[in-house]
Amino acid sequence: MIKRIGLWAFVVAGIAVSLWGIVSFVAPSTSCRGVEMGPGDSCQYSSLTNEEGGKVQRYEDRIAVARGQAPFAMLAGIGIVAFGSVLIVQDRRRPVGPGPLAG
């Protein structure tokens with residue numbers, strides 16, 4: 001019983017990943033150091049030591065990157081759902097009861 005719950009949770013997680021990918025594609029959002037960015041905004045990269053590197057990324061660039069990555073999330077979610085579904089089907093086909101070595 002616990003195994004089946006775990007498998008169904010795995011499938012639900014795959015659905016969540018796919019939905020996240022869809023939302024990221026349809027309505028992407030981006031922020032710069034915790035501040036939400038809007039059209040026309042730009043963000044300057046900084047290093048781990050907070051030194052400015054001079055490289056600037058525009059809002060449009062960040063949105064394009066987010067939209068470019070969303071299909072991978074959708075495909076990963078679909079793969080997780082498919083794999084979990086195969087495991088659920090295999091688990092249901094397995095006979096219940098003592099195995100052939102039970103004696």
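**Figure 1. Salt bridges across the predicted model.** A search of the whole structure finds four salt bridges. The structure is a predicted model. Side chains of opposite charge can pair when their charged atoms come close. The views that follow show where such pairs form.

**Figure 2. D91 and K3 meet in a salt bridge.** The N to O distance between the two side chains is 3.7 Å. D91 belongs to helix α2 and K3 to helix α1, so this pair ties together parts that are 88 residues apart in sequence. How accessible is D91? D91 has 12% relative accessibility and counts as buried. K3 is partly exposed, and its relative accessible area is 46%. R4 joins in as well: K3, R4 and D91 are linked in a network of salt bridges.

**Figure 3. R58 forms salt bridges with E60 and with D61.** For R58 and E60, the closest N and O atoms are 3.9 Å apart. For R58 and D61, the closest N and O atoms are 3.1 Å apart. R58 is partly exposed, at a relative accessible area of 43%. E60 is partly exposed, with 34% relative accessibility. D61 is partly exposed too, with a relative accessible area of 28%.

**Figure 4. C32 and C43 form a disulfide.** A disulfide is a covalent bond between the sulfur atoms of two cysteines. How many disulfides are there? The count comes to one. The sulfur atoms of C32 and C43 lie 1.9 Å apart. The angle about the S-S bond is 70°, and the link is right-handed. C32 sits in strand β1 (residues 31–32) and C43 in strand β3 (residues 42–46), so the pair ties together parts that are eleven residues apart in sequence. Are these cysteines buried or exposed? C32 counts as buried, at 13% relative accessibility. C43 is buried as well, with a relative accessible area of 4%.

**Figure 5. Helix α1 packs its buried residues against α2.** Helix α1 covers residues 2–26, which makes 25 residues. From its first C-alpha to its last, α1 reaches 36 Å. That is close to the 36 Å expected at 1.5 Å a residue. Which residues of α1 are buried? They are L7, V11, G14, S18, G21 and S24. An α-helix has 3.6 residues a turn, so residues three or four places apart point the same way. Look for that spacing in the list. The partner of these buried residues is α2, which runs through residues 59–93.

**Figure 6. A nonpolar patch lies on the surface.** Five names to find here: I15, L19, I22, F25 and V26 form the patch. Together they have about 460 Å² of accessible area. I22 lies in helix α1.

**Figure 7. The protein chain as a whole, for orientation.** The chain has two helices and four strands. Along the sequence, their pattern is α-β-β-β-β-α. Of the 103 residues, 21% count as buried. Take the contacts between residues at least 6 apart in sequence: 54% of them join residues at least 24 apart. The chain exposes about 7700 Å². Carbon and sulfur atoms supply 66% of that area.

Technical notes: Residues are numbered from 1 along each chain as its sequence is written. This is a predicted model: local features need pLDDT of at least 70, side-chain atom pairs count only at pLDDT 80 or more; totals for chains, interfaces and linings use all residues. Side-chain values use heavy atoms; hydrogens and water are left out. The expected span of a helix is 1.5 Å times one less than its number of residues. Buried means under 20% relative accessible area, exposed over 50%, partly exposed in between (1.4 Å probe, protein chains only). Contact means heavy atoms within 4.5 Å. A disulfide is a pair of cysteine sulfur atoms within 2.5 Å. Accessible areas come from the Shrake-Rupley method with a 1.4 Å probe; for residues, only the protein chains shown count as cover. Patches are made of residues with over 30% relative accessible area and no salt bridge: like charges are joined within 9 Å, nonpolar side chains (Val, Leu, Ile, Met, Phe, Trp, Tyr) within 5 Å.
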